[in-house]
Amino acid sequence: MRSTSTVFLQVSLACLCGTASAQIPLVYYRGVLNSASYMSPGLPGGAIARGSVFSIFGSNIGPASSPSLAFPLQTTLGNISITVASGSTVVNAIPIYVSPSQINAIMPSNAPLGMVSLTVRTINSRSSPVPVRVTDSSFGIFTANGGGVGPGILQNFIAADTQPINSLQQAAKPGQVLTLWGTGLGAVTFPDNVAPTPGNLPVQTEVFVGGKSAPVLYNGRSPCCSGVDQIALQLPA
C-alpha cells in the first residue's frame, strides 16, 4: 500500500505538469489570417501582406486582458511578442491586441517575403513555429459583422463631418464618393509603429462596383490607425 505522502506527491506533480502544459501557447493550424477578410491561407487573398493587420488564433497565446496602446507602438504587448523568421532574417511583428485565444498584430513592412516561420512568445514560453506566407499586397475589406463576410465597412461621403456607414437605410447614390476600410494594400516607407502618414501607396488599386470600374481617389493608410488602409472611390454614374 502506498503511503499518503507518496500519493500526495504524485497528485501534486500531476497538477504541476498539467499547469505547465496548459500554459504553453498554441497557434492553431492555418490560424494566421488577414484581420479584415479572415481569408483562409492557400486561397487567393489568403497571404499576409507587409504592413497589414493580421490575426493569430490559438490557445494560451495571451493574457486575460489587453493593455492600452499609445504611439509609438512596441514589439511587446502584455508580455507577448511575435517573431517572423526566414533563414537568418528575423523581424518582430507589432502586437496591437492580445488575449488568450486571439492576437492582432501588424506585419512589419520589412518582413521577409515568401514562406516564413511565425512564433508567439510569452513571458516564460513560446509556441511552435507555424508557416505563414508573406506577400507585397493582399487586401481584405473589414465587414460590419467583424467576421469577414457580409456587408463591408464603407462610408458614404456627404460632408467632412457627415459620413454614415453604407447600409440599406443609408444607400449610396451614383457618382457619390465612398470610403472603404481594409488592410493589406502593402508596405509603407515610414515606421509601422507610428501614426501613419497619409498618402497614396505605390500599388495598383482597382475597384469594381456592380461589375463597373470605379475611379480610385485615394489608396493609402488611414491617418488614425497603423496597418489600416482606406480606399476612396467614386461610384460609377
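Which backbone nitrogen lies 3.0 Å from a polar atom of the side chain of aspartate 229? In this predicted model, local features need pLDDT of at least 70 and side-chain atom pairs count only at pLDDT 80 or more, while totals for chains, interfaces and linings use all residues. Residues are numbered from 1 along each chain as its sequence is written, and side-chain values use heavy atoms, with hydrogens and water left out.

The backbone nitrogen is that of glycine 184. The side chain of aspartate 229 also forms a polar contact of 2.6 Å with the side chain of arginine 221; a polar contact is a pair of N or O atoms within 3.5 Å, where within protein one must be able to donate a hydrogen and the other to accept it, and residues adjacent in sequence count only if both atoms are side-chain atoms. Aspartate 229 counts as buried because its relative accessibility is 0% (buried: under 20% relative accessible area, 1.4 Å probe, protein chains only).

The largest nonpolar core has 23 residues, among which Val32, Phe54, Ile56, Ile103, Leu118 and Val120 touch the most other members. Such a core is a set of buried Ala, Val, Leu, Ile, Met, Phe, Trp, Tyr and Cys residues joined through side-chain atoms within 4.5 Å. A second, separate core of twelve residues includes Leu154, Val188, Leu201 and Leu233.

Leucine 118 touches (heavy atoms within 4.5 Å) residues including Val32, Phe54, Ile56, Ile82 and Val132, not counting residues up to four places away in sequence.

Technical notes:
Buried means under 20% relative accessible area, exposed over 50%, partly exposed in between (1.4 Å probe, protein chains only).
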